[in-house]
Amino acid sequence: MPPPVRKIDLPASSALHRRRVTGDFLDCYSVAKDMAPRRAAEIITDFPGWAKVLLIIRGALTGPFGLSADGPEAADKLGPFPVQDETETEVIAGFDDKHLNFLVSVMSYDGQISLATWVEPHNIGGRLYLAAIMPFHIAIARNALVRVARA
């Protein structure tokens, strides 16, 4: 049985702190695992079938509004997310869209892998979208860390 996934505060060393302002969404989950952040991020963005179906549904529903389904083109991507920053202990990927800016951070420290999500809604549409996907976001994030722990 994999170790439990815990909700934690964003570690102080995360580069996401530079982006965060009042009103932004930020959550962070952690699991015991000694692994490089890039490898953990590869596992996290290799979505299971049920999550891929949710992303297809999301694309069908949001496409008419001009929202990105696969993220912008980039030389270095983790799943659909362009890599924005990478160090020995953290990889940050994500992109800006019409309704919100979105980044995920995968950190490796003290035998832990943490997965943080930062969202900056641009407008009411971004806030409504965030509220609508929240239960799915939590399920996907927690599942991702269970898969990391099992790897």
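Helices here are DSSP runs of H or I with at least four residues, strands are E runs of at least two, and both are numbered from the N terminus. Before going on, note that this is a predicted model, where local features need pLDDT of at least 70, side-chain atom pairs need 80 or more, and totals for chains, interfaces and linings use all residues. Numbering runs from 1 along each chain as its sequence is written, and side-chain values use heavy atoms, without hydrogens or water.

Now look at the axes: α1 and α3 (residues 124-150) pack at about 125°, with axes 9 Å apart. Axes are lines fitted to C-alpha atoms over the stretch in contact, with angles from 0 to 180 degrees between N-to-C directions.

Next, show side chains. Ala40, Ile43 and Ile44 of α1 meet Ala144, Leu145, Arg147 and Val148 of α3, contact being heavy atoms within 4.5 Å. Six of these residues are nonpolar, none polar and one charged.

Stay on helix α1 and pick Arg38. Leaving out residues up to four places away in sequence, Arg38 touches Asp76, Leu78, Val83, Glu86 and Val91. Asp110 lies 72 residues from Arg38 in sequence and 16 Å away in space, C-alpha to C-alpha.

Technical notes: Ala, Val, Leu, Ile, Met, Phe, Trp, Tyr, Cys and Pro count as nonpolar, Asp, Glu, Lys and Arg as charged, and the others, Gly among them, as polar.
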